[in-house]
Amino acid sequence: MKPVFKALGIAAGIGFLSILAVEPAHPQFGIDIAAILAGLKEVDSTLNSAVASPLRLINQVEQQEQQFQREVLYPVAAINSARQMATSFSSSFLSFRQLGSMNVASAQLPYPQQLEHQMLSADPNNIGSIGSAYQNVFSPLPPQTAIPQNVAYQIDMGDAQAQDAIKKAIELDAFAAREMEVAQKLNQQIAASAPGTAPILDAEAGAWVVQANAYTQMGMAELLRLNSASVSNHSGALKDSTTQMQNLNQRLLQILTPH
Amino acid sequence: MKWKPRPDKIAFTLSSVLLLALLVPTGAYAQFGGIFSAILGTITGPIGGALTDINRIRTEILQTEQKVLWPLALIEESRNYIATIKASYRGWMNNVFALGVNSAILPASRSLESEFLSAQTGQIANFNQGYGTEYGVQPAMGAAPQVNLQMMDIEDATAKDATAQSMAADQATQTILKTAQGIEDQAESTAPGTADMVAAEARTAELASIAMQHKLLAYELREAAIELAHRNAVLKQSTTNMQNLNRQLLSGIGGGQ
């Protein structure tokens with residue numbers, strides 16, 4: 001045998017043995033599938049214990065939470081019942097508006113009818129013409145020469161306060177009409193609301209209630225001024241009569257006393 | 001010297017290279033081991049730890065909701081509380097509200113009183129008719145100075161209008177009371193999550209009630225204003241009359257002004 005063939009034979013033998021020593025499937029990549037499989041099994045086991053198990057628990061808790069919300073916090077029956085309640089009150093709010101906007105006018109004479117019409121109009125645009133309508137019924141301020149100045153002041157102040165109050169009453173009627181309108185609309189909105197949006201409507205209604213209370217305060221302040229005017233008038237009348245009596249006495253004395 | 005390759009050396013060299021080529025990738029096995037170790041570390045550490053924390057927190061939240069925020073026992077207790085309030089007060093309140101306050105003695109007065117206490121707007125026309133019997137009818141034109149006629153008319157009108165509105169307000173009161181009781185009934189059976197809907201309804205009804213109070217306050221203002229206006233008108237008349245009388249008196253007895 002030639003030495004070349006002998007050497008090639010030895011090399012082939014070593015090479016064959018070397019090839020047999022590694023995995024025959026993927027020798028070209030040099031990957032140990034068994035090691036990978038073992039690693040993947042380890043990953044699988046860890047995923048099961050460290051991920052899947054807590055996820056199962058989380059899922060369980062979430063289901064309990066969902067059940068709690070569905071059955072205790074936000075039962076569909078309770079939501080529908082609340083909506084139904086709001087719907088059933090629609091007619092009440094409508095009747096409320098109607099009762100607040102009835103025509104109750106009853107004056108018979110032209111000027112009183114005109115004043116009454118403006119007083120009950122609930123239209124702030126009529127505030128500007130109250131003065132003339134008022135004077136047509138209750139007489140205008142007499143000329144300065146016709147009455148003592150202090151009496152003229154009292155009359156002017158009294159007329160002014162009476163008219164102020166009538167104007168405020170028109171404003172209050174106008175506010176009341178808008179408030180009833182908003183209440184009716186809010187009720188409609190509640191009938192279509194969800195538990196999560198109801199607090200928004202509640203806040204809106206709350207804001208209107210606060211605003212309405214402010215208008216009540218405004219009206220009460222005006223009423224207080226009217227009552228004060230009446231008290232002041234009593235005092236003023238007493239002062240006037242005292243002064244007039246004194247003047248009359250003095251003049252009578254002047255006339256009757258011999259010069 | 002010219003190198004001459006020997007076949008056995010060539011064979012040995014080739015075999016060694018092949019063996020090395022096959023043996024070198026075994027270093028990658030160590031690399032995979034590191035990767036798996038890192039993956040497992042991530043799964044058990046950041047991911048697994050975070051999931052465990054999430055689970056713990058969610059469990060605590062659920063427990064807080066069920067034991068602190070909305071315990072079933074307290075929900076039931078609140079409902080029972082409302083039921084007790086209703087049972088204790090509603091009947092009594094309704095009875096007091098329904099008590100009659102009529103006090104008139106004479107037939108015409110009794111009739112008018114029952115009309116304006118009827119809480120029925122349908123009675124307003126009857127009330128307006130009965131008012132004339134009680135307080136007199138408007139005198140004919142010329143029967144009194146024009147200003148007096150006008151004052152009588154506007155004062156009667158103001159009184160009648162306000163009373164009519166008070167009858168409407170009484171009717172509205174009945175409606176608002178029914179609404180309030182309906183809201184209370186709903187509160188008794190509502191859930192914590194839907195109570196806000198009921199509260200919003202209550203607030204809305206409150207707004208409507210305040211609106212009606214504004215109507216009444218407006219009438220009260222008008223009545224007080226008309227009363228003041230009446231007093232003023234009388235003052236205008238009496239002062240002018242007094243001035244005239246003084247002038248005439250002084251003139252008559254020769255005192256002049």
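Predicted model: local features only at pLDDT ≥ 70, side-chain atom pairs only at ≥ 80, totals over all residues.
Residues are numbered from 1 along each chain as its sequence is written, while chains are lettered from A and ligands numbered from 1 in the order in which they are written.

**Where the chains touch**

- The contact brings together 116 residues from chain A and 98 residues from chain B; two residues are in contact if their C-beta atoms, placed from the backbone, lie within 7 Å.
- On chain B's side, the elements giving two or more residues are helices H1 (7-23), H2 (26-69), H5 (124-135), H6 (146-189) and H7 (195-252). Helices (H or I, at least four residues) are DSSP runs, numbered from the N terminus.
- H7(B) gives the most to that side, with 35 residues.
- By class, that side of chain B splits into 53 nonpolar, 29 polar and 16 charged residues. Ala, Val, Leu, Ile, Met, Phe, Trp, Tyr, Cys and Pro count as nonpolar, Asp, Glu, Lys and Arg as charged, and the others, Gly among them, as polar.

**One helix pair up close**

- Helix H3 (residues 76-88) of chain A packs with H6(B) at an angle of about 180°, their axes 11 Å apart (axes are lines fitted to C-alpha atoms, for helices over the stretch in contact, and angles run from 0 to 180 degrees between N-to-C directions).
- That makes H3(A) roughly antiparallel to H6(B), the word for angles over 145 degrees.
- Ser81(A), Ala82(A) and Met85(A) from H3(A) meet Gly182(B), Gln186(B) and Ser189(B) from H6(B).
- This contact has two nonpolar, four polar and no charged residues.

**The core**

- The largest nonpolar core has 76 residues, and those with the most contacts inside it are Ala208(B), Ala211(B) and Ala225(B). Such a core is a set of buried Ala, Val, Leu, Ile, Met, Phe, Trp, Tyr and Cys residues joined through C-beta atoms within 7 Å.
- H7(B) is the top giver here, with 20 residues.
- Leaving out residues up to four places away in sequence, Ala211(B) touches Gly100(A), Ala176(A), Glu179(A), Met180(A), Ala183(A) and Ala212(A).

**Two loop residues in chain A**

- Ala122(A) has a positive phi of about 55° without being a glycine, and is found in the loop between helix H5 (110-119) and helix H6 (130-138) of chain A.
- Ala122(A) counts as buried because there are 20 C-beta neighbours inside 10 Å (buried takes 20 or more other C-beta atoms within 10 Å, with C-beta atoms placed from the backbone).

Technical notes
Buried ≥ 20, exposed ≤ 12 C-beta atoms within 10 Å, placed from the backbone. Parallel < 35°, antiparallel > 145°, perpendicular 65-115°, else oblique.
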